[in-house]
Amino acid sequence: MIFPDTVIDVDRLTKTYRVADKDPGLVGTFKHFLARKTCDICAVKEVSFSIKAGEMVGFLGANGAGKTTTLKMLCGLICPTSGYVKVAGFSPKSRQSEFLRQITLVMGQKQQLIWDLPPLDSLKLNAAVYGIGPRESRYRINELADMLEIGEELTRPVRKLSLGQRMKAELLASLLHRPSVLFLDEPTLGLDVNAQAKVRAFLSEYNRRTGATVLLTSHYMADITVLCPRVLLIDQGKIFHDGQLDALVESLSPNRQVRLELNQDVSPEAFEAYGELKDCENRVVRLLIPRHQLTEAVTKLLANFDVIDLEVNDQPIDELIGTIFRAGKVK
Amino acid sequence: MKLAGLSYQVARSLLSTQYAYMLEYRAEIALWALSGLLPFIMLSLWSNTQAGLDLGFKGFELSRYFLSAFLVRQFSVVWVVYAFEEDALLGRLSPYLLQPLHPLWRYAASHLAEQATRFPFALCIAGIFFVINPGAFWLPSLWILLLTWLATLMSFTISFLLQSLIAALCFWNEKASALERLLFVPYLFLSGLLAPISSFPPEVRKWSSLTPFPYLIDFPARVLSGLNVDVLGGFCIQILWICILLPLVIVLWRLGVRKYTAMGA
């Protein structure tokens with residue numbers, strides 16, 4: 001279904017690369033030289049989804065799953081082999097000027113800033129390229145710099161900046177023209193925990209202020225859980241889950257684990273009414289309780305038993321996602 | 001008004017940014033300027049023979065020709081294919097392709113900024129040449145300087161378009177610079193860098209005039225050194241080559257971008 005405010009609309013998008021297929025060793029090298037063999041690799045297979053204006057969507061997948069190839073097709077860097085794609089009403093592969101003014105692509109492992117000059121030089125150039133006047137560009141640079149908590153770093157050569165400072169400057173450069181669609185490919189890659197948190201907070205604030213649509217890939221689950229209520233899961237070029245992150249977690253792990261440390265000996269049968277008993281040894285009990293019964297069950301446990309300590313655990317989300325990728329499907 | 005994303009403001013900003021960037025590498029650029037001394041080496045070889053006189057070069061005309069060839073080369077040297085190849089291979093081209101400005105403008109600005117950085121070094125080398133060879137000193141008129149600047153700019157444009165054409169092949173073959181190396185041989189011999197075109201046998205002169213090479217060094221160098229040259233004819237042929245190469249670059253670029261795989265990015 002196409003929503004009236006759909007910003008990204010993708011239907012059966014496919015990308016196939018032709019790559020050299022060479023056997024290893026000297027014999028393989030000669031054979032390849034005399035009769036070059038190639039094979040087609042389908043990086044993205046008939047992917048379909050749509051994203052509404054202002055949505056922040058996480059794009060998850062293992063290395064080589066097809067995330068970056070999809071992002072490159074969406075921003076017009078590479079042409080799809082087949083399928084339909086519209087972003088902000090434009091066909092990305094035409095790379096019309098009006099389209100390019102509405103999007104940005106941030107790649108965590110790549111940079112657009114000029115290495116030997118301060119970021120401010122690259123920012124001024126970007127402002128000119130996007131037709132932003134000097135006064136307006138100063139205003140926008142100050143505004144974004146405040147949000148990113150970056151200041152004097154803008155006048156130091158890029159090569160002298162730390163990875164976190166550089167990433168902030170990259171984000172500033174990528175967002176100076178106020179794009180309405182952001183493609184973020186691992187924007188927190190290699191950053192320390194504090195820097196990651198700052199970048200996340202900035203992206204969230206940018207989305208709140210501008211209503212920009214964001215499609216984000218990341219290997220850090222915290223990026224996804226903090227920023228993206230909706231996730232797309234891709235594996236071997238195919239999307240196998242498109243939905244709310246909470247619902248995904250709920251479906252993957254419907255129970256929570258409750259660990260009780262008791263001040264008395266109690267028979268294991270006494271806990272069967274509260275949930276699935278996993279373990280009961282040395283006055284330590286482990287129970288799996290359905291999420292929707294958790295509050296009620298914990299209240300009763302505390303009322304009916306002499307509890308010294310109580311812990312409620314969730315299976316870490318990256319473990320859950322890892323489980324899905326290993327299985328290649330959502331149950 | 002914008003031409004493939006280029007406006008006056010963008011051009012000014014590109015040039016000032018690239019000039020700042022090139023100044024960071026001024027020492028390297030000075031060495032590049034020094035590496036262009038080939039015309040002086042050729043002059044020393046020619047000076048020890050009677051060939052110059054036999055070919056009708058009187059007095060210091062040959063010295064002035066080679067100095068002019070050196071200066072024209074300094075301001076028409078092009079390396080876009082190497083920069084482009086590296087950018088395409090390392091994925092640096094991707095952000096350029098996602099901005100509303102044709103990436104070739106960036107490379108053109110880099111070249112012009114590099115020429116501006118070279119300018120004082122080239123003048124110093126010319127000054128040293130006159131100290132060593134004071135008899136060769138001459139001061140061209142403002143009109144001749146203007147014509148030389150125009151001819152050199154056209155020479156640079158032809159070279160830039162020729163290399164851009166080869167660079168666009170990087171979309172199909174990552175090592176397109178090999179083709180540029182192949183073209184360097186006829187460039188070296190037919191451009192007038194090693195010897196004035198007038199010194200070549202009539203048959204070679206005739207065939208070379210069908211290529212763009214004599215209009216890259218020989219023509220502007222003859223204009224600057226005050227030698228006999230068909231100025232109007234030379235400019236017409238330079239414009240003709242630009243008119244041939246420009247549409248080819250545009251078409252090949254458009255076709256090539258569709259093949260771009262954004263590797264490394």
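Let's start inside: strand E5 of chain A makes the largest contribution to the lining of the largest cavity, with five residues. Strands here are DSSP runs of E with at least two residues, helices are runs of H or I with at least four, and both are numbered from the N terminus. A cavity is a set of points on a 1 Å grid over the protein atoms alone where a 1.4 Å probe fits but cannot get out, and lining residues have an atom within 4 Å of a point.

Before going on, a word on what you're looking at: this is a predicted model, where local features need pLDDT of at least 70 and side-chain atom pairs count only at pLDDT 80 or more, while totals for chains, interfaces and linings use all residues. Residues are numbered from 1 along each chain as its sequence is written, chains are lettered from A in the order in which they are written, and side-chain values use heavy atoms, with hydrogens and water left out.

Back to that cavity. The structure holds one cavity of 30 Å³ or more, and the largest cavity has about 220 Å³ of space, a volume being the space filled by probe spheres set on grid points joined across faces, edges and corners. It has 19 lining residues, and those closest to its centre are A:Leu105, A:Val106, A:Gln112, A:Ser174 and B:Pro95. Besides E5, helix H6 (163-175) of chain A and helix H7 (93-97) of chain B each supply at least two residues. By class the lining is nine nonpolar, eight polar and two charged; Ala, Val, Leu, Ile, Met, Phe, Trp, Tyr, Cys and Pro count as nonpolar, Asp, Glu, Lys and Arg as charged, and the others, Gly among them, as polar.

Now for the place where the chains meet. Chain A brings 27 residues to the contact and chain B brings 26, with contact meaning heavy atoms within 4.5 Å. Together they bury about 2400 Å², 62% of it on carbon and sulfur atoms; that is accessible area (1.4 Å probe) lost on being put together, summed over both parts. On the chain A side, A:Leu77, A:Leu125 and A:Val129 lose the most area to chain B, together 24% of what that side buries.

What about charge pairing? Between chain A and chain B there are zero salt bridges, a salt bridge being a side-chain nitrogen of Lys or Arg within 4 Å of a carboxyl oxygen of Asp or Glu. Over all chains, though, the search finds 22 salt bridges. One of them joins the side chains of A:Arg178 and A:Glu143 at 3.2 Å, N to O. A:Arg178 sits in the loop between H6 and strand E6 (181-185) of chain A and A:Glu143 in helix H5 (residues 134-148) of chain A, 35 residues apart.

Finally, look at the second largest pocket, with about 1300 Å³ of space. A pocket is an open set of grid points with protein on both sides within 12 Å along at least five of seven lines. Of its 43 lining residues, B:Ala4, B:His102, B:Pro103, B:Leu104 and B:Trp105 lie nearest the centre. Helix H13 (231-259) of chain B gives the most to this lining, with eight residues.

Terms used
Buried area is the accessible area (1.4 Å probe) that two parts lose on being put together, summed over both.
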